[in-house]
Amino acid sequence: SSGINAEYGEVQERHAQQASQLSSTALHVQCLQAENEKLSQVIAALTSAHKTETETQKFRNLLVFRQYKDYHEDMRREMAMRYEQLVASCVQDAIFLSSKNAELTAENTELKKKLRHFTM
């Protein structure tokens with residue numbers, strides 16, 4: 001009877017240890033679940049913040065590109081206008097010089113005639 005009592009006491013002690021371990025494990029699982037929930041919330045917040053930042057950066061990049069494109073388009077138009085003005089100025093100079101050349105050629109011819117007249 002005392003052997004059975006000792007064995008029964010050992011079983012009860014192991015049962016108490018296992019119950020304590022089970023309680024400790026259950027508490028540990030609860031802590032891990034709470035930590036998991038908290039980390040899931042952090043990940044969701046970080047994902048949302050990242051998405052917002054990505055959209056903001058995309059908007060900024062598009063805005064900078066549009067400004068860059070507009071600037072270069074303005075520069076292209078300005079250069080084209082300067083080129084057209086330069087060509088018009090060159091044409092006017094060419095016309096003026098051609099007219100002046102014809103005038104001077106006529107004057108030169110007239111002076112040569114006068115010079116021949118005096119030398120004869």
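# Close-up views of a predicted model

View 1. With a relative accessibility of 54%, Leu115 counts as exposed. Here, buried means under 20% relative accessible area, exposed means over 50%, and partly exposed lies in between, using a 1.4 Å probe and protein chains only. Leu115 is found in helix H1; helices (H or I, at least four residues) and strands (E, at least two) are DSSP runs, numbered from the N terminus. From Leu115 to Glu73 you count 42 residues in sequence, and the C-alpha to C-alpha distance is 61 Å. This is a predicted model, in which local features need pLDDT of at least 70 and side-chain atom pairs count only at pLDDT 80 or more, while totals for chains, interfaces and linings use all residues. Residues are numbered from 1 along each chain as its sequence is written, and side-chain values use heavy atoms, with hydrogens and water left out.

**View 2. The whole chain, for orientation.** The secondary structure of the protein chain comes to 1 helix and 0 strands. The radius of gyration of the chain is 51 Å, well over the 14 Å that the globule rule gives for 120 residues, so the chain is more spread out than a compact globule. That radius is taken over C-alpha atoms, and the globule rule is 2.2 Å times the number of residues to the power 0.38. Along its principal axes, the C-alpha trace spans about 170 × 20 × 10 Å. How many of the 120 residues count as buried? The share is 0%. The accessible surface of the chain is about 11,400 Å², with 60% of this belonging to carbon and sulfur atoms. Such areas come from the Shrake-Rupley method with a 1.4 Å probe, and for residues only the protein chains shown count as cover.

View 3. Side chains of opposite charge can pair when their charged atoms come close. A salt bridge is a side-chain nitrogen of Lys or Arg within 4 Å of a carboxyl oxygen of Asp or Glu, and by this rule the count comes to 5. One of them joins the side chains of Glu73 and Arg77, at 3.6 Å from N to O. These two residues are 4 residues apart in helix H1, so about one helical turn separates them. Glu73 is partly exposed at 32% relative accessible area, and Arg77 is partly exposed at 43%.

**View 4. Arg82 meets Glu78.** Here the side chains of Arg82 and Glu78 form a salt bridge, 2.5 Å from N to O. Both residues sit in helix H1, 4 residues apart, or about one turn of the helix.

View 5. In the salt bridge of Lys100 with Glu103, the closest N and O atoms are 3.4 Å apart. Lys100 has a relative accessible area of 34% and is partly exposed; Glu103, at 43%, is partly exposed as well. Both lie in helix H1, 3 residues apart, about one turn of the helix. Elsewhere in the chain, salt bridges that share partners link Glu73, Asp74, Arg76 and Arg77 into one network.

**View 6. A nonpolar patch on the surface.** Tyr83, Val87, Val91 and Ile95 make up this patch, and together they have about 400 Å² of accessible area. Patches are made of residues with over 30% relative accessible area and no salt bridge; like charges are joined within 9 Å, and nonpolar side chains (Val, Leu, Ile, Met, Phe, Trp, Tyr) within 5 Å. Ile95 has its place in helix H1, which covers residues 2–119. With a relative accessible area of 57%, Ile95 is exposed.

View 7. Look for Cys31, partly exposed at 47% relative accessible area, and for Cys90, partly exposed at 43%. How many disulfides does the structure hold? The number is 0, where a disulfide is a pair of cysteine sulfur atoms within 2.5 Å.

**View 8. Two alanines along the helix.** Ala45 lies in helix H1 and counts as partly exposed at 47% relative accessibility. Between Ala45 and Glu13 there are 48 Å in space, C-alpha to C-alpha, and the two are 32 residues apart in sequence. Ala6 also has its place in helix H1 and is partly exposed, at 41%. Ala6 and Thr25 are 19 residues apart in sequence, with 28 Å between their C-alpha atoms.
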